[in-house]
Amino acid sequence: MKDIEVNYEGDDIVAYNKLLFERFPQALFDPDFLESNSLLSINNAELQHGRGGIYGFEYNEINLVLRHYRRGGVPAIFIDDKYLWMTLAKTRAMQEMEILLTMHGAGLPVPIPAAAHIHRNGLTYQADIITVLIPNAKTLSSLLVEDSVSSEEWQRMGQIIKKFHHYNCHHADLNAHNIMLDQQKEIYLIDFDRSIIKASSEKWKMQNLGRLKRSLEKLANSNKDFHYHPTDFSSLMQGYAD
Ligand SMILES: Nc1ncnc2c1ncn2[C@@H]1O[C@H](COP(=O)(O)OP(=O)(O)O)[C@@H](O)[C@H]1O
Ligand SMILES: [Mg+2]
């Protein structure tokens, strides 16, 4: 892609967004380096809500978020972060970087991709991605623990998901942890690992929405204080249908 610069050094590849940086040191993908150089941001405790291994830091006066690719649902002692190498373009990190650039270019609310790192080791690779921090944002799942979300916001969520579907963007893991709202209640979709642009079909679009609905119901079932009511999803669907 024309906005991505790719640098090779031995078994390591760093690809970065040329619109943001003139250079991007590989060391910035190393949490120990970030820590020992006091680059980590203060909001790191909040970022640890995901699967872990998420680090916030600043470079070039831009607040960034680092994430290492690993398979979910594997017990920590068996953490598997190695993937089969095919081509650079097919790595998880390059695929996510590309779809984020495309969606951002189309004006859709996603984190701006900053850089990707791939470490090759024979037939396998490990990878990381860095995106621009969405300032003062919380995940929908964490917001609903504290308070309810207005029907107007649920409707806007539906409108935004509809826009992604209009571009045939299939989010591989659309759930309440991967939707964020900032202080102005702007809505973002995050975490585009394994997401693809796919031939249009009502079937996968409805499955996408069904997955989000089930994730909300599951959270509501496991926490009696979770501020979710089935009518909230009706508001979302109303926005989707507009
Ligand atoms: N660009 C970003 N801006 C703000 N917060 C982010 C950003 N990217 C990730 N996060 C935070 O980190 C968490 C985990 O990131 P995510 O991309 O969903 O990875 P995973 O679910 O695989 O751990 C998110 O739930 C969110 O709280
Ligand atoms: Mg996630």
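This is a predicted model: local features need pLDDT of at least 70, side-chain atom pairs count only at pLDDT 80 or more; totals for chains, interfaces and linings use all residues.
Strand β10 (residues 179-182) pairs with β11 in the antiparallel sense, over three bridges.

**View 1. β10 and β11 sit in an open sheet of three strands, ordered β8-β10-β11.** The pairing in this sheet is antiparallel. Its edge strands are β8 (137-139) and β11 (187-189), each of which pairs on one side only. On average, neighbouring strands here are turned by 30° against each other, direction ignored.

**View 2. Domain 1 meets domain 2.** The domain assignment divides the protein chain into domain 1 (4-132) and domain 2 (137-241). Their C-alpha centres lie 24 Å apart, and the contact takes 13 residues from domain 1 and 17 residues from domain 2. The size of an interface is often given as the accessible area lost when the parts come together. Here the two domains bury about 1300 Å² between them, with 68% of it on carbon and sulfur atoms. Within domain 1, the residues that lose the most area to domain 2 are I99, L108 and P109, which together make up 39% of what that side buries.

**View 3. Polar and charged pairs cross between the domains.** The rule finds four residue pairs in polar contact across the interface of domain 1 and domain 2, both residues at pLDDT 80 or more. Helix α3 (residues 92-105) gives the most to the side of domain 1 that touches domain 2, contributing five residues. Two salt bridges are counted between the domains. Side chains of opposite charge can pair when their charged atoms come close. In this view, take a look at R92 and D193, whose side chains meet in a salt bridge at 2.9 Å, N to O.

**View 4. R67 and D191 form a salt bridge between distant parts of the chain.** The closest N and O atoms of R67 and D191 are 3.7 Å apart. R67 belongs to strand β4 (residues 62-68), while D191 lies in the loop between β11 and β12 (196-197). These partners are 124 residues apart. A search of the whole structure finds ten salt bridges.

**View 5. β1 and β2 form a hairpin with two residues between them.** Strand β1 (residues 4-9) runs antiparallel to β2, and six bridges join them. Follow the pairing to V6, which stands opposite A15 in β2. In the turn, G10 has a positive phi of about 60°.

**View 6. β6 pairs with β2 and with β7.** Strand β2 (residues 12-17) and strand β6 (residues 113-121) pair in the antiparallel sense over five bridges. Eight bridges join β6 to strand β7 (residues 124-132), again in an antiparallel run.

Conventions:
Residues are numbered from 1 along each chain as its sequence is written. Chains are lettered from A and ligands numbered from 1 in the order in which they are written. Side-chain values use heavy atoms; hydrogens and water are left out. Two strands pair if DSSP finds at least two bridges between them. Helices (H or I, at least four residues) and strands (E, at least two) are DSSP runs, numbered from the N terminus. Axes are lines fitted to C-alpha atoms, for helices over the stretch in contact, and angles run from 0 to 180 degrees between N-to-C directions. Domain bounds come from an automatic or database domain assignment. Contact means heavy atoms within 4.5 Å. Buried area is the accessible area (1.4 Å probe) that two parts lose on being put together, summed over both. A salt bridge is a side-chain nitrogen of Lys or Arg within 4 Å of a carboxyl oxygen of Asp or Glu. A polar contact is a pair of N or O atoms within 3.5 Å; within protein, one must be able to donate a hydrogen and the other to accept it, and residues adjacent in sequence count only if both atoms are side-chain atoms.
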